[in-house]
Amino acid sequence: MADLTRIYDVLVVGGGNAALCAALAAREAGAGVLLLEHAPRSFRGGNSRHTRNLRCMHEGPTAFLKGNYPEEEFVGDLMRVTGGATDELLARLMIRESGNAARWMYERGVRFQYIQGTLSLARTNPFFLGGGTALLNAYYRRAKELGVGVLYDTAGLGLEIDGGEFRAARVRRRAFPHRPRQARRARAG
């Protein structure tokens, strides 16, 4: 549960994979973090609850992947899937960084399993042991250990910005509008 009497440095709106990664990274960098999850605790995580794996580049076999999946092949696969409608520079950045993703996730409690099958994904995609729900549970456990505040049943409605400075976030908590007390001045960016 979050402490609503304190002022947080970072507000993360959402409770899925990307939001939790942002919340964990901010907290590990020393920021006080409050995460708003629209769903109740039992349904937290949005579509991330239904995922099972991620795709990542690697130059050789890993604990959970066969062979290699080099950058050029990954870029080619992405270009085919998108029909070329991809920002290649941004795609290459994402692909290069994907090689570190599984390790980063593992260090925060996510566990993987080796898979076999006809889809040839054993070379390109590490699978989450326990699927998306286990992924989220690992991240939420880590967030709790680090002191990330979490508010369930809370929707972000908007931000109040005055002259480029953040003033407040408007939220709806359990269907009741709420405006937390004013935060420290920060530049909107």
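Mentor: A crossing of two helices is called right-handed if the near helix is turned clockwise from the far one by less than a right angle, and left-handed if the turn is anticlockwise. Please keep in mind that the model before us is predicted.

Trainee: In which pattern do the helices and strands of the protein follow one another along the sequence?

Mentor: The secondary structure consists of four helices and nine strands. The C-alpha trace that carries them spans about 55 × 35 × 30 Å along its principal axes. Read along the sequence, the pattern is β-α-β-α-α-β-β-α-β-β-β-β-β.

Trainee: Is the crossing of α2 past α3 left-handed or right-handed?

Mentor: Helix α2 covers residues 71-82 and helix α3 covers residues 88-107; they pack at an angle of about 130°, with their axes 10 Å apart. As for the sense in which α2 passes α3, the crossing is right-handed.

Trainee: How many nonpolar, polar and charged residues make up the contact of α2 with α3?

Mentor: On the side of α2, the contact is made by Glu 71, Glu 72, Phe 74, Val 75, Leu 78 and Met 79. The residues of α3 that take part include Ala 91, Met 94 and Ile 95. By class, the contact divides into seven nonpolar, one polar and five charged residues.

Trainee: How are α1 and α4 oriented to each other, and why?

Mentor: Helix α1, residues 17-28, packs with α4 at an angle of about 25°, and their axes lie 10 Å apart. The crossing of α1 past α4 is left-handed. Angles under 35 degrees fall into one class, and the two helices are therefore roughly parallel.

Trainee: How many nonpolar, polar and charged residues does the contact of α1 with α4 have?

Mentor: Among the residues of α1 in this contact are Leu 20, Cys 21 and Leu 24. They belong to a set that meets residues of α4, including Leu 135, Tyr 139 and Leu 146. The classes are nine nonpolar, one polar and three charged residues.

Trainee: Which helix gives the most to the lining of the second largest pocket?

Mentor: This pocket holds about 280 Å³ of space. Its lining includes Met 1, Arg 41, Asn 137, Tyr 140 and Tyr 152, and by class it has six nonpolar, one polar and four charged residues. With five residues, the helix that gives the most is α4.

Methods
Residues are numbered from 1 along each chain as its sequence is written. This is a predicted model: local features need pLDDT of at least 70, side-chain atom pairs count only at pLDDT 80 or more; totals for chains, interfaces and linings use all residues. Side-chain values use heavy atoms; hydrogens and water are left out. On a 1 Å grid over the protein atoms alone, a cavity is a set of points where a 1.4 Å probe fits but cannot get out, and a pocket is an open set with protein on both sides within 12 Å along at least five of seven lines; lining residues have an atom within 4 Å of a point. Grid points are joined across faces, edges and corners, and a volume is the space filled by probe spheres set on the points. Ala, Val, Leu, Ile, Met, Phe, Trp, Tyr, Cys and Pro count as nonpolar, Asp, Glu, Lys and Arg as charged, and the others, Gly among them, as polar. Axes are lines fitted to C-alpha atoms, for helices over the stretch in contact, and angles run from 0 to 180 degrees between N-to-C directions. Angles under 35 degrees count as roughly parallel, over 145 as roughly antiparallel, 65 to 115 as roughly perpendicular and the rest as oblique. Contact means heavy atoms within 4.5 Å.
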